[in-house]
Amino acid sequence: MPVLDADRVLDYCRDRWERDLLTELGAFIELRAISPAYDADWEANGQLDVAAERAAQWIREQDLTGAHVEVLREPGRTPLVLVDIPGTAPGTTLFYGHLDKQPAGEGWSAELDPWTPHFDGTRLYGRGGVDDGYALYAAVAAIQAVDDQGVPRPRCVGIFETSEESGSPDLPFWLARLEPRIAEVDLVVCLDSGAGDYDRLWLVTSLRGHCGGRLDVQVLDQGAHSGDAGGVVPSTFRIVRRLLERVESAETGEVLLDAAGCPIPGERVEQARAAARVLGPAVAARFDWFGSAGPTTSDVAEQLLNRAWRPSLAVTGADGLPAVATAGNVLRPSTSLKLSVRLAPGADSRAAQSALKELLEKDPPYGAHVVFTPDTVVADGWAAPPLAPWLERALDGASRAYFDGAGLAMLGQGGTIPLMGMLADRFPDAQFLACGAQGPGAGAHGPDESLHLPYTLRLTAGIAMALGASRDR
């Protein structure tokens with residue numbers, strides 16, 4: 001069987017990114033394809049349809065022999081781009097990415113705009129570039145890099161959805177409809193994840209799940225003078241503190257909800273220690289710390305395990321709290337919080353959400369009115385199956401070839417990609433190549449989101465090397 005020339009693959013991928021893919025991705029950044037959770041009028045605004053149709057048209061214009069490309073639509077459902085490219089070797093590889101985006105957000109640097117692509121020679125700035133508009137272009141370029149050398153490759157199917165940032169509520173519907181057409185899959189390539197640094201190829205071995213909801217606490221119909229009511233009427237803020245202590249230790253940050261966690265496999269502990277030796281202080285240094293603030297622990301391996309395998313709680317929003325500048329001496333009648341819980345990869349998200357509701361509403365302090373309204377969308381986490389020797393050889397060889405001898409590295413990620421759990425259930429015997437360009441400084445979901453081009457073109461080449469590898473067992 002012919003073998004890919006690694007240098008030629010890299011040259012091809014570099015040329016494609018520098019010659020036209022960067023420009024195409026810049027045009028994608030200009031689209032305000034906000035995910036439905038953040039744009040109630042997404043159907044009327046039409047930007048998700050524009051993003052899907054533009055992507056599909058671009059793929060149709062590529063030299064992909066026998067490719068079938070279509071945009072799937074149903075009333076009330078977000079569109080999905082389906083690509084089916086015949087192969088010249090056994091097997092089917094499924095590529096995944098998404099075309100919807102987070103909102104612009106605040107805090108962007110003065111010289112940057114979330115909807116205006118800006119390339120500084122290393123990074124392409126703009127909302128949705130790294131998370132993860134680049135994925136479609138990288139997938140197609142990797143396929144073309146293999147075909148450029150005439151090396152046999154498997155059939156390639158791509159699904160690029162438009163509701164991932166909302167928890168992929170429409171994805172189960174589309175997967176159920178597409179299952180007979182996709183048939184069996186032996187390799188899944190998910191490009192919507194991250195990298196520990198830009199000095200080697202990174203393989204993501206696990207993702208956390210997610211659940212959450214709104215916590216409402218009320219003790220009065222209307223506010224009261226704090227001097228008159230203080231000491232008689234319990235503060236809803238204090239009640240909220242007590243309720244949150246049921247879920248999370250304020251001292252350590254440990255989540256006390258048993259249903260949110262799972263045992264950490266010994267293999268993943270060892271991989272976290274290996275990644276910690278590679279990354280060191282960079283794990284925490286990637287965050288924009290203020291003043292003397294620092295991480296929950298100085299142990300880098302524990303930082304990685306906390307992020308990837310242990311549940312965590314975040315309060316992401318609040319109502320009932322006036323702005324500091326206008327806050328009078330009033331004991332407020334109510335407090336509402338938006339809670340987000342990241343779950344261990346092996347946790348059942350629906351069971352965890354049910355347990356969270358029961359824990360928060362049970363025996364409310366002072367008889368307060370306490371209601372937890374769960375989010376309508378939850379997601380299970382995912383843990384990769386053992387890596388097949390052929391795939392590990394291909395990825396490790398690509399990493400050493402493209403990163404000055406640095407071998408493949410592995411780590412768990414703290415984010416959630418609902419598709420991974422869905423696909424693991426549908427294709428239990430498949431290999432999973434979860435990876436991405438969201439390394440240090442990528443800024444996904446935050447200000448100054450950017451795609452690191454030197455890493456991205458090498459990642460694209462690495463995917464091509466895996467795609468063209470012999471899948472012997």
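Author: Start with Asp147. Asp147 counts as partly exposed, at 34% relative accessibility. Buried means under 20% relative accessible area, exposed over 50%, and partly exposed in between (1.4 Å probe, protein chains only). Keep in mind that this is a predicted model: local features need pLDDT of at least 70, side-chain atom pairs count only at pLDDT 80 or more, and totals for chains, interfaces and linings use all residues. Residues are numbered from 1 along each chain as its sequence is written, and side-chain values use heavy atoms, with hydrogens and water left out.

Reader: Which side chain meets that of Asp147 in a salt bridge?

Author: The general idea comes first. Side chains of opposite charge can pair when their charged atoms come close. A salt bridge is a side-chain nitrogen of Lys or Arg within 4 Å of a carboxyl oxygen of Asp or Glu. Here the partner of Asp147 is Arg153, at 2.8 Å, N to O. Arg153 is buried, at 4% relative accessibility.

Reader: How many salt bridges does the structure hold?

Author: It holds 24. Some share partners: Asp49, Glu53, Arg60 and Arg73 are joined into one network. Glu53 meets Arg60 at 3.2 Å, N to O. Glu53 also meets Arg73, at 3.5 Å, N to O. Glu53 lies in helix α3 and Arg73 in strand β1, so this pair ties together parts 20 residues apart in sequence.

Reader: How do I read a helix such as α3?

Author: Helices (H or I, at least four residues) and strands (E, at least two) are DSSP runs, numbered from the N terminus. An α-helix has 3.6 residues a turn, so residues three or four places apart point the same way. In α3, Leu48, Ala51, Ala52, Ala55, Ala56, Trp58 and Ile59 are buried. They cover an arc of only 160° around the axis, so they are on the same side of α3. That arc is taken from the directions from the helix axis to the C-beta atoms.

Reader: What do the buried residues of α3 pack against?

Author: They pack against α1, α2, β1, β2 and α4. Contact means heavy atoms within 4.5 Å.

Reader: And how do I read a sheet?

Author: Strands of a sheet pair through backbone hydrogen bonds, either parallel or antiparallel.
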